[in-house]
Amino acid sequence: MKKIAERMRDCIETLSLSALLVINLSLIVLMMLGLCTVMVVTGADGGFIYHDGRVGIWGALCFIYAVCSLIAVSMVVMMRITFIHPIQRVIDAMRELANGNFSVRVNHAEHGYTPREMLEFEQSFNKAAQELGGTEILRKDFINNFSHEFKTPIVSISGFADLLLEEQLPPEDQKEYLTIIRDESRRLADLATNILTLNRVESQTILTDKTSFPLDEQLRQSVLVTQQKWRQKNLEFAADFTPAEYTGSEGLMKEVWLNLLDNAAKFSPEGGTVAMTLRKEKSALMISVTDQGEGMGAETQAHIFEQFYQGDTSHTTQGNGLGLAMVKKVLELHGGSIQVDSAPGQGSCFTVTLPI
């Protein structure tokens, strides 16, 4: 219905402009015919204007030329006001945008007629400039956060390495410092891996490695890997998987489950339980990961899928704030989504929906 209305409006505007042009041309033709008729009736010859008031042929032609010139000038002025000036405003704004001024906006003239197409073009330009401005802010934030995340473990590694080289430390202190160096090195490796994966996902628009695989088996393997990684916390892993086949990127989907399970284990208390379920709905697969951690408030939930955001600062040495951002990108690439249900002191439940 909306498309039909837009087509009707386009037709009406086209007919209106065509009618104005036809009227202008008709006036010119009628004026020329009227003058020719007057000259024939009055017997005008090659003069201009005689003493008895008769108009000659050259006088009539000069009059017609003057009228046509006036109409042409008025049409040129109308074209400049209606089309040239709006286009010039957009060109000037594009130059500003090309020079890095992402705050530039095109404002149409308050007085006079502006074609609907020009208004839509200006609105599209303003939207594009706004999106580019947002992208530039994200890029700067990413660089700042990335530099901070890399600098912190490097400084830590360097500091503890200096202590090991310069001082005669007891064996237990040496072991502690070496453990810290190992953990910080792994953190750097994980950060580099997550950034590479996130960059690859963000640059993709289609999945080129889609295959069909048993999702329940992939989830089971992910639980086993996570269980081995966090065995020092004596966590209990509860799994309930309905057999299901899924078609997608097997490697990227495995990163999703490992990140969700790793987060659940990281925030779970000593001896806590991490639960993972897979159920099949009519048109989607629903995967839930639940932990018994401290939970999150509404403010944290609103930002947890942003790059480098870490709501719980007590665990910043165990992560880099890229995992959930990557999870969301991978799921969006598969046409899926993720939601979180959490409250302070009540743990968190992440639910993934995959259309089938």
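These legends accompany several close-up views of a predicted model.

**View 1. Confidence along the chain.** Residues are numbered from 1 along each chain as its sequence is written, and side-chain values use heavy atoms, with hydrogens and water left out. Because this is a predicted model, local features need pLDDT of at least 70 and side-chain atom pairs count only at pLDDT 80 or more, while totals for chains, interfaces and linings use all residues. Here pLDDT is the predictor's confidence in each residue, from 0 to 100. The protein has a mean pLDDT of 76, with 67% of its residues at 70 or more. Confidence is lowest in helix H1 (residues 2-42), at a mean of 63, and highest in strand E5 (residues 284-290), at 94. Helices (H or I, at least four residues) and strands (E, at least two) are DSSP runs, numbered from the N terminus.

View 2. Rings of Phe, Tyr and Trp (its six-membered ring) pair if their centres lie within 6.5 Å; planes under 30 degrees apart count as stacked, over 60 as edge-to-face and the rest as tilted. The structure holds two such pairs. Phe 160 and Tyr 177 form a tilted one, 5.0 Å centre to centre with 45° between the planes. Phe 160 sits in helix H3 (residues 116-166) and Tyr 177 in helix H4 (residues 171-202), so the pair ties together parts 17 residues apart in sequence.

**View 3. An edge-to-face pair between two strands.** Phe 213 and Tyr 246 are 6.1 Å apart, centre to centre, with 80° between their planes. Phe 213 belongs to strand E1 (residues 210-214) and Tyr 246 to strand E3 (residues 245-249), so this pair ties together parts 33 residues apart in sequence. Phe 213 is buried at 2% relative accessibility, and Tyr 246 is buried at 4%. Buried means under 20% relative accessible area, exposed over 50%, and partly exposed in between (1.4 Å probe, protein chains only).

View 4. A salt bridge is a side-chain nitrogen of Lys or Arg within 4 Å of a carboxyl oxygen of Asp or Glu. The whole structure has six; one of them joins Arg 89 and Glu 122 at 3.3 Å, N to O. Arg 89 lies in helix H2 (residues 57-98) and Glu 122 in helix H3. Glu 122 is buried at 2% relative accessibility, whereas Arg 89 is partly exposed at 27%.

View 5. Arg 95 and Asp 92 have their closest N and O atoms 3.7 Å apart. Being three residues apart in helix H2, they are separated by about one helical turn.
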